[in-house]
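Dear colleague,

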Amino acid sequence: MIGVVAATAAGRSAAAALEAAWPGEVRSFTGGKASAALREAWGTCDAIVSFLAVGATVRVLAPLLGHKTTDPAVVCVDEGLRHAVAVLGGHHGANLLARRLSGVLGCEPVVTTASDGAGITPLDSYGADLGFTVHNPELLARVGAAVLSGEPVTIEGADGWPLPALPSNVVREHPGASAGILVTDRAEPARSRRDRLVYRPPSLVVGVGSARGVTAAEVGELIDGTLADAGLAPASVRCLATVDVKAGEQGILDAAEARGWEVVTFPADVLARVEVPNPSEVVRAEVGTPSVAEAAALHAARGLGRGAELVAEKRKSAAATAAVARLRPKGRLGLVGIGPGARDLLTPRAEAVLRRSSVVVGLDQYVEQVRDLLRPGTRVMASGLGREEERARAAVEEAESGRAVALIGSGDAGVYAMASPALEFASSGIEVEGVPGITAALAASALLGAPLGHDHAAISLSDLHTPWEVIERRVRAAAEGDFAVCFYNPRSRARDWQLPAALEILSAHRPPDTPVGLVRDASRPGESVTLTTLAEVDPAMADMVTVVVVGSSRSRTVAGRFITPRGYRWA
Ligand code: SAH
């Protein structure tokens, strides 16, 4: 919940804009005394947007400050909505919130935390969204400073986790490194000459079975002993898994709760199909599966990752069994639309996913468009036109090996672009996040007026991947259906007759004064907008960076603007 505190009319109207933009996420504190409102927001919200001066905000909150990991993030926005200043909790939400605010209010985000200034991934939130915890936070400042200052820093164990990029001075091995980063679920990391910041990844699942009425103390002792003997860190346990019939077994529930773990359960017949090293016929006779602890651990871990292995086989106490599985984490594939060109038409979410990825794949010119947003150390796989399939495959392969990948496309990545070929190759072993972008038709439409005010169709005139007969059939259908039509890929040097042919088909079904808009390089340098009619249009004006919008029979031009009336005004 984001608390918004405002004391002036300007602040209150900005607060209302935020409520409208982020429904359900915002709580306004706009009545009464501002200091009291701010204190109340502090006590009840995860983050605060304060439309009070930075000084006033700091004076009220200073006595309430606790720790940065638990305090709400605070961003102050000035009365003129010029700046969103991340004041408290920069790496715990305030920097991101400042950027999100800029998307809604148009203000400039002001971020002062060192690593964000340099664009470098901050260590205090490294992997936090994956569930990483820091084992030895006392080293954060030292190792963080080494990363920032460009000293050699080693890293181990991060491979296979979809983490954001770290700069190039963070390397696997370096004889002169005095600081290091280690990602491990091993309880006692190997000793090292250097100071190593240790992260605990959420990689383990503890499987438990028991007789009815087992005590929490017995279950707890067995789990702790199993983890300790296998040399595994309890902080890396993600959840406790068991069979459905144990969903109400108090001893198991209490032992899990005491350790802060969630409990997941599975039907006996599902567990019966899991291959395990130590099945038992006695158990099968009792619960319908030859294994509970091993099978539940493996099955839960497989469901959470892209595979799993047993790292501690079944151990028994008088009334319980326990086993531990380690999962192989799923990689991530972001399918990111970067918009038509202008930076302010790239969404804050697209920016966040780009900054969250360690590999960015795309056409060179699009990668160049966003290069300044990428974190130092991001691996860029850019290639020229026409290598679409290769790019899509490369992106998927990187994600399947556990990395965080962004596959970018101009406009929307799913519109005549890379998302569909990529998803054709992708298995269920990766997480896919689609980030919508403003597609050319919408960027062009906004420049022309409102040509898409009623039903419309998008048609690509490129016959490289689609036979012309198919394209022609669709143009004809759109003509007969009286759709407004956006032509993508309208014309290239080698394909110069398709657009005239398509326009001719449309002309047979709509009046000669039907508006036609040609928008070239929408929102890019050199943008040009031409509004003409079906009778007068010169197809030679279009090229591969143009989108052509043809109105329906109802479209018209009003005051120089292309309009397609909405249905309810239909005569
Ligand atoms: N994924 C892109 C479309 C790729 S197909 C999107 O969603 O916009 C490429 C075609 O899109 C170009 O030939 C052109 O017709 C159109 N296009 C893309 N960007 C454009 C822009 N900024 N201005 C005008 N047309 C554009």
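**Ligand site**

A backbone N or O atom of alanine 440 lies 2.9 Å from an oxygen atom of the ligand, a polar contact being a pair of N or O atoms within 3.5 Å. The model is predicted, so local features need pLDDT of at least 70 and side-chain atom pairs pLDDT 80 or more, while totals for chains, interfaces and linings use all residues. Residues are numbered from 1 along each chain as its sequence is written, and side-chain values use heavy atoms, without hydrogens and water.

The ligand is surrounded by 20 residues, the closest being Val415, Thr439, Ala522, Met544 and Thr546 (near means a heavy atom within 4 Å). This shell comprises 12 nonpolar, five polar and three charged residues, with Gly counted as polar and Tyr, Cys and Pro among the nonpolar.

Because domain 4 (331–438) and domain 5 (441–563) both give residues to the shell, the ligand lies between them; the bounds come from an automatic or database domain assignment.

Best regards

Note on methods
A polar contact is a pair of N or O atoms within 3.5 Å; within protein, one must be able to donate a hydrogen and the other to accept it, and residues adjacent in sequence count only if both atoms are side-chain atoms.
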